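Thanks for making time this morning. I would like to walk through one model with you, going from the overall layout to a few individual residues.

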Amino acid sequence: MTVVADVLTSPRSQTAALPRAHRHVPSSAAPLIVRSPQQIAALAAVFAAMALTVHWASGPLVQLVDHPIESWVIHHRTPTADAVVRRISFLGSSQVVYTLGPLLGLAALARCKIVGATVLAVTAARPLVEFTFKSLVGRPRPDIDRLVRGTGYSFPCGHVMAAAALWGMVPLVLSLYVSSRRVWRASAIASVAMIVMIGSTRVYLGVHWPSDVVAGAILDLLLLSLLDRAFHRVHDRYHCRASHP
Ligand SMILES: [Zn+2]
């Protein structure tokens with residue numbers, strides 16, 4: 001975590017160049033948010049508790065928590081917001097994620113094999129992880145007033161996971177091409193904002209309960225934090241001799 005501290009607080013970080021040392025940059029914003037094994041364990045416990053609650057008592061959770069929020073959001077829709085939200089939601093759609101994910105991976109491969117392989121692996125693994133959890137929990141989607149079509153199970157929200165798999169990887173790939181730490185930090189903050197916005201649109205559009213989106217975000221944080229540890233272990237071992245600028 002000294003890596004994270006350096007990125008955030010070092011006075012030299014304003015001017016220091018990244019490309020020769022992108023191995024010292026977190027692989028996403030997640031390890032900046034989740035800093036210790038205890039926090040990872042706590043997040044895993046919260047996610048497990050949510051999944052078990054949804055599996056065994058989805059009805060009460062819907063009645064007490066999710067339905068009031070979903071109804072409030074649906075009753076505050078406007079035509080302008082509808083159009084904006086649809087566009088934001090599209091940025092986490094299968095079309096965008098399955099097109100830009102491989103392109104992002106190829107862009108990374110050109111500079112660093114480990115980063116490229118990581119991005120491609122995350123793109124490929126995300127649907128498997130998502131659908132495994134969805135099948136295990138088996139929660140029906142809300143059926144109040146959907147603005148778009150939603151198929152399959154509801155928990156956790158797939159859009160928020162797809163957004164993390166694509167937009168969450170952008171800062172790491174950017175670090176291969178842009179040497180400014182300030183740009184890296186801005187991209188990390190933007191990636192988090194993008195993931196939160198894309199997740200929120202699914203509640204607005206009526207295809208997910210709020211707790212699906214929260215659980216998806218928690219799972220993102222958890223998986224990307226674990227990925228960061230594995231990534232640095234492998235990346236440090238190979239040193240990227242051939243592919244660094
Ligand atoms: Zn590398």
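The protein has 10 helices and zero strands, where helices (H or I, at least four residues) and strands (E, at least two) are DSSP runs numbered from the N terminus. Please keep in mind that this is a predicted model, in which local features need pLDDT of at least 70 and side-chain atom pairs count only at pLDDT 80 or more, while totals for chains, interfaces and linings use all residues. Residues are numbered from 1 along each chain as its sequence is written.

Of the 245 residues in the protein, 41% are buried; a residue is buried if 20 or more other C-beta atoms lie within 10 Å of its own, exposed if 12 or fewer, and partly exposed in between, with C-beta atoms placed from the backbone. If we take the contacts between residues at least 6 apart in sequence, 78% of them join residues at least 24 apart, a contact being two residues whose C-beta atoms, placed from the backbone, lie within 7 Å.

The largest nonpolar core has 54 residues, and the members that touch the most others are Val-160, Ala-163 and Val-173; by nonpolar core I mean a set of buried Ala, Val, Leu, Ile, Met, Phe, Trp, Tyr and Cys residues joined through C-beta atoms within 7 Å. Among the elements that give two or more residues to this core are α3 (37-75), α7 (158-167), α9 (181-204) and α10 (210-238), and α10 gives the most, with 11 residues.

Let me turn to α7, where 10 of the 10 residues are buried, so this helix is largely enclosed by the rest of the structure. The cover over its buried residues includes α4 (79-90), α5, α6, α8, α9 and α10. Within α7, Ala-163 touches Gly-92, Met-194, Ile-195, Ile-198 and Gly-199, if we set aside residues up to four places away in sequence.

Next comes α3, and here the question is how far this helix spans between its end C-alpha atoms. The span is only 41 Å, whereas a straight helix of 39 residues would span 57 Å at 1.5 Å a residue, the expected span being 1.5 Å times one less than the number of residues. There is a bend of about 105 degrees at Ala-57, with a proline, Pro-60, following within four residues; the bend at a residue is the angle between axes fitted to the seven residues ending there and the seven starting there. Ser-58 is also in α3, and it counts as partly exposed because it has 19 C-beta neighbours inside 10 Å. The C-alpha atoms of Ser-58 and Pro-140 lie 8.9 Å apart, although the two residues are 82 apart in sequence.

The buried residues of α3 are Phe-47, Met-50, Val-54, Asp-66 and Glu-70, and what covers them includes α6, α9 and α10. The axes of α3 and α10 come within 8 Å and cross at roughly 170 degrees, where axes are lines fitted to C-alpha atoms, for helices over the stretch in contact, and angles run from 0 to 180 degrees between N-to-C directions. The two helices, α3 and α10, are therefore roughly antiparallel, since angles over 145 degrees count as such.

Finally, Val-207 sits in the loop between α9 and α10, and it counts as buried because it has 24 C-beta neighbours inside 10 Å.

Notes: Parallel < 35°, antiparallel > 145°, perpendicular 65-115°, else oblique.
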